[in-house]
Amino acid sequence: AIKGNVEEVKKSKGKYEVYINESSDSNFNSSLSNFSTNNNNSTDIIKKIFLDENLINLSNAIDDRELSKAVLILESLPLSQDLSIYWKSLGKVAIEERNLEIAMRCFASLGKYSKISYIKKILKEKEKNANNPLVEAKILVLEKEFKEAEELMIKNNMIKEAIDVFKEMHKYEDSLRLAEKFHIAGHETMKKEYLEWLVESEKFDKAAEVKIKDGCLIEAIKYYIQGDMQVKAANLIIRNKIDVDKNTLDYLITTIKEVGLNDKSEELRKYAESIGKQ
């Protein structure tokens, strides 16, 4: 962002020198010149900004979708410069243009090797059948256009492929949703594997949500406790009037009180009393 007016532009040694007049009241004084008898109090503040011709050419190449030219310019720039923002911009445009080879080059410069591996798999699919809708769907996933990718695969009756794609992206909830919606065999096994992954990843909140959805509230409480989410466990118990064992209730009442949530601890104690566990 530049404040002021451009006074002059000079080119020197591959760089543009742009002279900016930053006088805050220059425009104001100019507009009042016909009404003011003394307009000489303002002082011009001239600031010089350098623009790199290479970066100007790079920006133009990216805007014009001249991807190979943009790569050549980037590779010619000094390594001392932070070029990650340019590689990232070029990578995004390359994917939009479906030029996966250049996209891989960009991700290599950014150190995003998992994306390179993913693109290599897409290219293998493309070699087998360039018109395979799965190729376009996987590119949409790369662009994080998950809804569009799912719709494309469903439209082409690629339900199992869609499940596999989402599993590969660790979007297990979407995989399960599709498996249940289209009655794919083995979805219960998938759910078990997903739950195991959540526990291994210490995502106890999500694990509890899975169990709540299945109506297994006692198991959900255990996951909340395992994840040190005692208040969520207490709320679930009170809200659903769950008959929990006395040891669990005593533990929750004590730990919630210890962290200073006396009102919630008292609410749970009264509930425990109402079901004869106090």
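User: Hi! How do the axes of α6 and α7 cross, and how close do they come?

Analyst: Hi! In this predicted model, the two axes come within 9 Å and cross at roughly 165°. An angle over 145 degrees counts as roughly antiparallel, so α6 and α7 are roughly antiparallel to each other.

User: Is that crossing left-handed or right-handed?

Analyst: The crossing of α6 and α7 is left-handed.

User: Which residues meet there?

Analyst: From α6 you have K115, Y118, I119, I122, E125 and K126. Their partners in α7 are L134, V135, K138, I139, V141 and L142. Sorted by class, this contact has 8 nonpolar and 4 charged residues, with no polar ones.

User: Nice. What about α15 and α16, how do they pack?

Analyst: Helix α15 covers residues 246-258 and helix α16 covers 262-274. Their axes are 8 Å apart, at an angle of about 160°. That makes α15 roughly antiparallel to α16, and α15 passes α16 in a left-handed crossing.

User: And who makes that contact?

Analyst: On the α15 side, look for L249, L252, I253, I256 and K257. On the α16 side, look for N262, K264, S265, L268, R269 and A272. By class, the contact of α15 with α16 divides into 6 nonpolar, 2 polar and 3 charged residues.

User: Switching topic: which residues of α5 are buried?

Analyst: Helix α5 spans residues 100-110, and its buried residues are L100, I102, A103, M104, C106 and F107.

User: What covers them?

Analyst: The cover includes four helices you can find in the structure: α3 (67-76), α4 (84-96), α6 (113-128) and α7 (133-142).

User: What happens just after α5?

Analyst: There you find G111, which takes a positive phi of about 75°.

User: Now the rings. How many aromatic pairs are there?

Analyst: The count comes to 3 aromatic pairs. One of them joins Y172 and Y194: it is tilted, with 5.6 Å centre to centre and 40° between the planes. Y172 lies in helix α10 (residues 172-181) and Y194 in helix α11 (residues 187-200), so this pair ties together parts that are 22 residues apart in sequence.

User: Are those two tyrosines buried or exposed?

Analyst: Y172 counts as buried at 17% relative accessibility, and Y194 counts as buried at 5%. The cut-off for buried is under 20%.

User: Which other ring does Y172 pair with?

Analyst: That would be W197. The two ring centres are 4.8 Å apart and the planes are at 55°, so the pair is tilted. Y172 in helix α10 and W197 in helix α11 are 25 residues apart, and the pair links distant parts of the chain. W197 counts as partly exposed, because its relative accessibility is 23%.

User: What do Y172, Y194 and W197 form together?

Analyst: Ring pairs link Y172, Y194 and W197 into a cluster.

User: Last one: where is A208 found, and what is it in contact with?

Analyst: A208 is found in helix α12 (residues 204-213). Its relative accessibility is 0%, so A208 counts as buried. Leaving aside neighbours within four places in sequence, A208 is in contact with A220, Y223 and Y224.

User: And how far is A208 from R65?

Analyst: Their C-alpha atoms are separated by 47 Å, and the two residues are 143 residues apart along the chain.

Technical notes. Residues are numbered from 1 along each chain as its sequence is written. This is a predicted model: local features need pLDDT of at least 70, side-chain atom pairs count only at pLDDT 80 or more; totals for chains, interfaces and linings use all residues. Side-chain values use heavy atoms; hydrogens and water are left out. Buried means under 20% relative accessible area, exposed over 50%, partly exposed in between (1.4 Å probe, protein chains only). Helices (H or I, at least four residues) and strands (E, at least two) are DSSP runs, numbered from the N terminus. Contact means heavy atoms within 4.5 Å. Axes are lines fitted to C-alpha atoms, for helices over the stretch in contact, and angles run from 0 to 180 degrees between N-to-C directions. Angles under 35 degrees count as roughly parallel, over 145 as roughly antiparallel, 65 to 115 as roughly perpendicular and the rest as oblique. A crossing is left-handed if the near helix is turned anticlockwise from the far one by less than a right angle, and right-handed if clockwise. Ala, Val, Leu, Ile, Met, Phe, Trp, Tyr, Cys and Pro count as nonpolar, Asp, Glu, Lys and Arg as charged, and the others, Gly among them, as polar. Rings of Phe, Tyr and Trp (its six-membered ring) pair if their centres lie within 6.5 Å; planes under 30 degrees apart count as stacked, over 60 as edge-to-face and the rest as tilted.
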